[in-house]
Structure formats: structure tokens, C-alpha cells
Amino acid sequence: MKIYNKKLISNSLQINSIADCYIELNDKDDFIEFHKFVKSKDAPVLVIGEGTNVVLPDFYQGIVVKPNFTNININKTDNTISAGSSVNWHEFVNFTINNNIMGFENLSSIPGSVGAAPIQNIGAYGQEVSNLIKSVDCYDYINNKFSTLSKDDCYFSYRHSIFKDNNFVIYNIDFHTDICQEHNLTYESVKKYMTNNNINPKNMTTHDVSKMITSIRSFTLPDPSVVPNVGSFFKNTVMNKKNIKTNKFSFDDLVLWEIDSSKVKVGSARLIELIKNDLKKFDNVEIYKNHSLVIVTNKNASQHNVIDFADHIKQQVFDTFNVSLEIEPSIVLS
Ligand SMILES: Cc1cc2nc3c(=O)[nH]c(=O)nc-3n(C[C@H](O)[C@H](O)[C@H](O)COP(=O)(O)OP(=O)(O)OC[C@H]3O[C@@H](n4cnc5c(N)ncnc54)[C@H](O)[C@@H]3O)c2cc1C
């Protein structure tokens, strides 16, 4: 276990955020020592991966913990692949593809670490990581307890899991290698890309699908190393269709996915697109030109700048459509 005082926390919004105390865990044995340290300090704890889905304060008055577990192992007898929590997600996807494993390709190029993938049940282009997870190994740093949670124990749902609200450090995940036998190419933007580029799905390898997904993403999402962002800032909202306000726009202007006879999932990107021109200007932050769900910064933004802008967007959307947007990344309090 390595302890640093007043260390910069790397994050993709490039907020200049300092941790009062920053700890790296390099070994399973470090956990017990970490538990004792946390008990002795009685301070809040933030587990950090690659910082691509957090909005950090200027100063974090607590302990930031960074697990460093980089193993990857394939177990052919029980069709499992295990990965340590700090393996980069896209590198892990590439590893699966190079080993002829299907199912991960639609999740190509999602920034971040393997360990963070179950937290919000990452998903893209018709796939969610929960479909691939067998079990999650974690350590409860308050109660000094190791546990292995099965997929059912994780209570996965849309951008949510049991890990959103507990004291676990995830250090390893087991994934199925035999769950997908064919590519999932049914997502609307994937179909459109194949049509526009004359691609015959029958000829595609898993590697081709992965490259196609990366290419689609690069059109709409900014590279956080160039333009700071955390990906989609708001979730899509599930609500009763009759409660949506339509005095300014009609249902035809919106993107709605039917859930049941009364409920719909409302596409947040379209809502923001429609009210974009009514938004006030805020310092250091704006909406990305190719994707209304993405808030980008000019590398000088503080947590306040980002949250004030997000609150303003939420209010405008609520006033116009009566839709309450929910923020997707973790807002970390100081
Ligand atoms: C350009 C861009 C595109 C994106 N596209 C998508 C997308 O298509 N789909 C999608 O779902 N997400 C997307 N995201 C969000 C982000 O990539 C994911 O949420 C990713 O899983 C975050 O990984 P991370 O390691 O950076 O986590 P961090 O940002 O470091 O942490 C995120 C949360 O997970 C917790 N956490 C991290 N590691 C651990 C651990 N080992 N144990 C316990 N808790 C942990 C943190 O406390 C925090 O609450 C995108 C982000 C960007 C910047």
C-alpha cells in the first residue's frame, strides 16, 4: 500500500482536483492495512478508476483509493475470463477479441477501467456489461470483508447496480466467454452505418464489428484527452407518456421508446437538442457540437461550473417538457 498526501486526481473533465490523501492498493494483502487506515482516520473514501465518470471537487477532504490489479486470465474449462479492476476496459475488449471471444465488441472504446464497468452497468449499441458478467470480487473496507457477488447479487439495471451505494472496492471480475454466439447489429445507428458504408454483416469478423463501433463513436463523442468530458451527462428518463408536456413540441419531435402501455423511455439527447438555443452561456463549459448529452470543458472548469450548467439544463428541460433528467456521472462532494 502506497500513501500520498495532497495528490492530483486524474479525471477526464480535467478538473484540477486534489486529494487530501491518496492510496494505491497493489495487492490483496493491502486491503486489511487499508481497512485499519480508514478506521483510524474516520474520513470519507472515494474509489477511483480512470476518472472518466466522476465530477470531482477542487479539494477532496478524504481518502482516494486507487486499486492496481492488472491480471487477465482465461479459464477454458469453465468458459470464464477474469480481469483485474485496473485493466483498461478497451484493452480488455481487444484481449477478448484476440482470443475469439464474442459479446464485448459493442462495448469497444468505452473509456475507463474494468473495475468501474459494473458500477453503472456500462452499455452501448444494444449491449450491457451485465449480460457478460459472471461474478464480481470485492472488498468491504468498512467491515473488513471479502465477497464474491454473482450477477444476480449485483442487482443490475439501466446504468445502475448495487455498487452505486456501498463500501466496496472491486478488485476482480469474472466474465462469461461463451454467452454470445453471434454479433448484435440491430442497434439503429449500427444498421445505418452499415447501409451507408455498404457493409455486409455476414462478412464481418468480431474485430470488424469492434472497429465499426469505434468509428461510429468517434463521430459523435469527443476524445476526452483532447476535449474534456465524461460522456453522456444525463440518463434517459422512464416516465408516464401522458405526463410529458407537449405545448411547445409534439411527440413526433421527441425520441420515445415504448416500455409498456403507459410508460416510455424518453431520449434525453433530443430534449436538450430542442432547447439548446435557449440555454444561457456559462463559464468554461458548453454542450458538445456533435452530441447534446455531452458537456465539455475548456480545461479550466471547476466542479461548480459543471454542476451549475447541468442544473440549468435540467431546469430548462423540466420547464419545457416536464421531464426530470437524472445526472449519469458520480458527483463527488468535497
Ligand atoms: C467519451 C466518453 C464516452 C463514454 N461512453 C460511455 C458509454 O458508451 N457507455 C457507458 O456506460 N459509459 C460511458 N462513459 C462513462 C465511463 O466510460 C464509464 O462509466 C466507465 O466505466 C468509467 O470508468 P472509470 O475507470 O473511469 O471510473 P471512474 O470515473 O474512476 O469511477 C466511476 C465510478 O465508479 C467507482 N469505481 C471506479 N472503480 C471502482 C472499483 N474498482 N471499485 C469500486 N468502485 C469503483 C467510482 O467510485 C465512481 O463512483 C463514457 C465516458 C466518456 C468520457
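Reader: Which strand is the place of asparagine 172?
Author: Happy to start there, and please keep in mind that this is a predicted model. Strand S12 covers residues 168-176. Asparagine 172 has its place in strand S12.

Reader: How many residues surround the ligand?
Author: Good thing to ask next! The closest ones are Val47, Thr52, Asn53, Pro111 and Ser113. Divided by type, the shell has 17 nonpolar, 13 polar and three charged residues. The number of residues that surround the ligand is 33.

Reader: Which residue has a side-chain N or O atom 2.6 Å from an oxygen atom of the ligand?
Author: Let's go through some distances. A nitrogen atom of the ligand is 2.9 Å from a polar backbone atom of isoleucine 170. An oxygen atom of the ligand is also 2.9 Å from a side-chain N or O atom of serine 330. The distance of 2.6 Å belongs to the side chain of serine 113.

Reader: What percentage of the ligand's accessible area does the protein cover?
Author: Begin with the ligand on its own, which has 980 Å² of accessible area. Of that area, the protein covers 93%.

Reader: Which domains each give at least three residues to the shell around the ligand?
Author: The domain assignment gives domain 1 (2-67), domain 2 (70-220) and domain 3 (237-331). The shell draws at least three residues from each of domain 1 and domain 2.

Reader: What distance separates the centres of domain 1 and domain 3?
Author: These two domains are in contact, with nine residues of domain 1 meeting 11 residues of domain 3. Taken over C-alpha atoms, their centres are separated by 31 Å.

Reader: How far apart in space are proline 224 and valine 169?
Author: Proline 224 sits in the loop between helix H4 (206-220) and strand S13 (237-240). With a relative accessible area of 21%, proline 224 is partly exposed. Beyond its neighbours within four places in sequence, its contacts are Ser12, Gln14 and Asn229. Proline 224 and valine 169 are 55 residues apart in sequence, and from C-alpha to C-alpha the separation is 25 Å.

Reader: What is the phi of asparagine 79?
Author: Most residues other than glycine have a negative phi. Asparagine 79 lies in the loop between strand S6 (72-75) and strand S7 (80-84), and is partly exposed at 31% relative accessible area. Its phi has a positive value, near 50°.

Reader: And what is the phi of serine 109?
Author: Serine 109 belongs to the loop between helix H2 (89-98) and S8. This serine counts as partly exposed, with 21% relative accessibility. Serine 109 is a residue other than glycine with a positive phi, near 65°.

Terms used. Residues are numbered from 1 along each chain as its sequence is written. This is a predicted model: local features need pLDDT of at least 70, side-chain atom pairs count only at pLDDT 80 or more; totals for chains, interfaces and linings use all residues. Side-chain values use heavy atoms; hydrogens and water are left out. A residue is near a molecule or strand if one of its heavy atoms lies within 4 Å of it. A polar contact is a pair of N or O atoms within 3.5 Å; within protein, one must be able to donate a hydrogen and the other to accept it, and residues adjacent in sequence count only if both atoms are side-chain atoms. Accessible areas come from the Shrake-Rupley method with a 1.4 Å probe; for residues, only the protein chains shown count as cover. Helices (H or I, at least four residues) and strands (E, at least two) are DSSP runs, numbered from the N terminus. Ala, Val, Leu, Ile, Met, Phe, Trp, Tyr, Cys and Pro count as nonpolar, Asp, Glu, Lys and Arg as charged, and the others, Gly among them, as polar. Domain bounds come from an automatic or database domain assignment. Contact means heavy atoms within 4.5 Å. Buried means under 20% relative accessible area, exposed over 50%, partly exposed in between (1.4 Å probe, protein chains only).
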